[in-house]
Amino acid sequence: MIDRDLYIDKMKAKMDEWDADLEKLQAKTESAQADMKMHYEEQMERLRQQQEEAREMLSKMADASEAAWEDMRKGMETAWEATSKAFVDAFSRFK
């Protein structure tokens, strides 16, 4: 079984990385041409929403009972993979 505290600490560290990634993407958005800027801002908003959903899920996981913990962890893994892919996709488009 995965240690809950270690898992939550790992996820929080990844969220901090995403915060830094969002700042980098925001800087690229600021320097983009007007037509691309709107497109980039829309992508940034979707990333922020996904990140906020992940933060909420992580908060709920920290407070979950042992019985609910494993099910929530599996859901978090799925959400995590989708958000990670969205960040990778965004970085590839912003280059």
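Helices here are DSSP runs of H or I with at least four residues, strands are E runs of at least two, and both are numbered from the N terminus. The model is predicted, so local features need pLDDT of at least 70 and side-chain atom pairs count only at pLDDT 80 or more, while totals for chains, interfaces and linings use all residues. Residues are numbered from 1 along each chain as its sequence is written, and side-chain values use heavy atoms, with hydrogens and water left out.

The overall picture is quick to sketch. The protein chain has three helices and zero strands, running α-α-α from the N terminus on. Its C-alpha atoms fill a box of roughly 50 × 20 × 15 Å along the principal axes. Of the 95 residues, 32% count as buried (under 20% relative accessible area with a 1.4 Å probe, protein chains only; exposed is over 50%, and partly exposed lies in between).

Next comes the way two of the helices pack. The axes of α1 and α2 come within 11 Å and cross at roughly 165°; axes are lines fitted to C-alpha atoms, for helices over the stretch in contact, with angles from 0 to 180 degrees between N-to-C directions. The pair is therefore roughly antiparallel, a label for angles over 145 degrees.

Inside, the largest nonpolar core holds 19 residues, and Met15, Leu47, Leu58, Met76 and Trp80 have the most contacts within it. Such a core is a set of buried Ala, Val, Leu, Ile, Met, Phe, Trp, Tyr and Cys residues joined through side-chain atoms within 4.5 Å. Helices α1, α2 (34–63) and α3 each supply at least two of its residues.

Tryptophan 80 sits in helix α3 (residues 66–94) and counts as buried because its relative accessibility is 9%. Neighbours within four places in sequence aside, tryptophan 80 is in contact (heavy atoms within 4.5 Å) with Met11, Lys14, Met15, Trp18 and Ala54. Its C-alpha atom is 9.1 Å from that of glutamine 50, 30 residues apart along the chain.

Not counting residues up to four places away in sequence, arginine 4 touches Met61, Ala62, Asp63, Ala64, Ser65, Glu66 and Trp69.

Conventions. Parallel < 35°, antiparallel > 145°, perpendicular 65-115°, else oblique.
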